[in-house]
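Dear colleague,

Please find the structure below, handed over for your records.

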Amino acid sequence: MYRAIIIGGSAGSFQVVIKILSSLPRSYPLPVFLSLHRLKHVRSGFVEALSIKSGIPVVEPFDKELIKPGRAYLAPANYHMYLDLGNRIALSTEPPVNHSRPSIDLSFITAAHAYRSKLVGVILSGANRDGALGLKKVKEQGGLCIVQDPAACEVSTMTEAALQATAVDHIFKVEEIVSFLMKLN
Amino acid sequence: MTEAIEIGIVDTRNILKLLLEQYQYDFSDFSLISLKRRIEQSIQLHSMRYADALLSRLNDDKSFFDQFLHELQVETTEMFRDPSLWRVLRDEYLQQLEKPAGNAKIWLPNCVSGDELYTLCIVLHEYGLSEKVQVIAGYQSDYSLKHIQSGFTRSNILEISGENYKRYQGKNNFPDYFIGETPSQRKNPGFFEKVQFIRHGLNLEDAPRGVDLILFRNKMIYYNPPLAEKICGTLWDSLNPSGYLVVGIKELVPQGGSKPLKLVNEHESIYQKK
């Protein structure tokens with residue numbers, strides 16, 4: 001029923017993303033888009049760190065890369081990552097949005113248009129409000145919205161902002177996010 | 001992020017149709033999703049609310065079209081973006097441009113803000129190559145040219161660029177490259193005096209020949225694959241044998257055509273004409 005998962009996060013989200021990725025089997029049928037705030041100048045290390053325990057391959061896509069199921073796509077440093085028509089990733093060097101490039105909002109908004117009701121959007125721990133508008137778009141387009149329980153976040157700003165903007169479907173602890181996503185298998 | 005303007009795909013196509021019919025500018029092979037965003041930004045910038053207002057203005061006001069053309073393009077939003085690329089260019093490639101007879105040529109096909117152009121001028125200046133290299137800067141609208149030559153630079157870009165310059169390990173104090181006081185600081189126009197500015201169409205018509213190095217970074221991301229391939233062919237024609245093409249870190253030059261460009265530095269996305 002769902003055709004893609006998109007996850008947004010910033011400070012405090014790294015370990016959560018690792019937990020999620022490590023629980024997914026190699027045969028996982030959906031692409032997972034990771035729009036995570038990251039250090040601009042660190043080009044190697046991040047995707048490697050995510051890959052170590054991940055059940056599915058994690059890549060930083062090139063522009064126009066075709067989207068394949070069972071792969072995690074990490075937004076490259078200093079680019080916005082869009083989901084484009086024709087089942088491709090589109091990268092952009094437009095100005096930062098909310099001081100962020102990659103912007104979680106931009107990824108979520110384009111994913112919402114591309115996948116509509118077949119999208120699961122997840123917002124994790126973070127120290128700013130990026131992603132609140134994006135998750136709202138996911139909801140508007142009929143997708144499923146999950147927010148990490150702010151009480152369980154290392155920094156609750158991002159998840160609280162998301163909850164203020166949208167009536168989400170689930171507020172989950174990390175274990176619940178993991179088991180939910182695994183069930184989509 | 002406050003509620004931004006959003007238009008539909010139909011609105012986007014209508015605007016592109018007008019640009020083609022009225023101005024003979026064919027954007028059909030450009031990334032639609034990127035154009036849509038640029039159009040939305042432009043509508044917001046001019047305090048319009050809907051695509052209709054933009055359509056009317058484009059229809060009625062020919063001089064506005066030139067500015068709109070500028071706004072459709074994405075500016076490089078920092079100087080010395082990807083500092084390691086500039087270090088590698090300086091340390092490994094510039095010496096190849098020191099030709100005993102005549103000037104080497106470096107072409108930047110699509111300058112919008114002048115930030116990357118200025119970066120190159122600084123690099124050449126610090127290396128002592130400003131007199132020995134002809135820099136050719138392409139632009140696509142007169143508004144862009146004016147913007148570039150005004151040297152206008154936003155304060156936040158100055159700060160980010162200064163940090164990049166430190167990582168590049170430049171020789172000087174970065175703020176010294178700018179004149180005037182915040183918030184009106186500008187690039188030093190002296191650096192652009194020897195630059196040759198030429199106007200291109202969307203398909204880089206009037207491309208120069210005999211070029212040794214082309215900097216075309218994060219431009220192909222705004223093209224659809226067929227146009228990217230065609231433009232790479234144009235760039236290939238422009239290069240000297242064994243000349244270099246530098247694209248964005250996360251861009252790929254299409255392979256397998258009749259005009260081969262071989263990846264010679266994977267980390268910095270540097271290709272060579274074969």
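Is Gln140(B) buried or exposed? Gln140(B) is buried, because its relative accessible area is 5% (buried means under 20% relative accessible area, exposed over 50% and partly exposed in between, with a 1.4 Å probe and protein chains only).

Please note that this is a predicted model, in which local features need pLDDT of at least 70 and side-chain atom pairs count only at pLDDT 80 or more, whereas totals for chains, interfaces and linings use all residues. Residues are numbered from 1 along each chain as its sequence is written, chains are lettered from A and ligands numbered from 1 in the order in which they are written, and side-chain values use heavy atoms, with hydrogens and water left out.

Gln140(B) sits in the loop that joins strand E2 (133–139) to helix H7 (142–150) of chain B; helices (H or I, at least four residues) and strands (E, at least two) are DSSP runs numbered from the N terminus. A polar atom of the Gln140(B) side chain lies 3.2 Å from the backbone oxygen of Gly201(B). Leaving aside residues up to four places away in sequence, the residues that Gln140(B) touches (heavy atoms within 4.5 Å) include Tyr25(B), Gln73(B), Asn110(B) and Leu204(B).

Gly151(B), with a positive phi near 75°, follows H7(B).

Turning to cavities, a cavity is a set of points, on a 1 Å grid over the protein atoms alone, where a 1.4 Å probe fits but cannot get out, and its lining residues have an atom within 4 Å of a point. Grid points are joined across faces, edges and corners, and a volume is the space filled by probe spheres set on the points. There are three cavities of 30 Å³ or more. The largest has a volume of about 350 Å³ and is lined by 26 residues, with Gln73(B) and Asn110(B) among those nearest its centre. H2(B) supplies the largest share of that lining, three residues.

The second largest cavity has a volume of about 80 Å³. Its lining has 13 residues, and those closest to its centre include Asn110(B) and Lys219(B).

With kind regards

Note on methods:
Polar contact = N/O pair within 3.5 Å; in protein donor to acceptor, adjacent residues only side chain to side chain. 1 Å grid on protein atoms, 1.4 Å probe; cavity = no way out; pocket = protein on both sides within 12 Å on 5 of 7 lines; lining within 4 Å.
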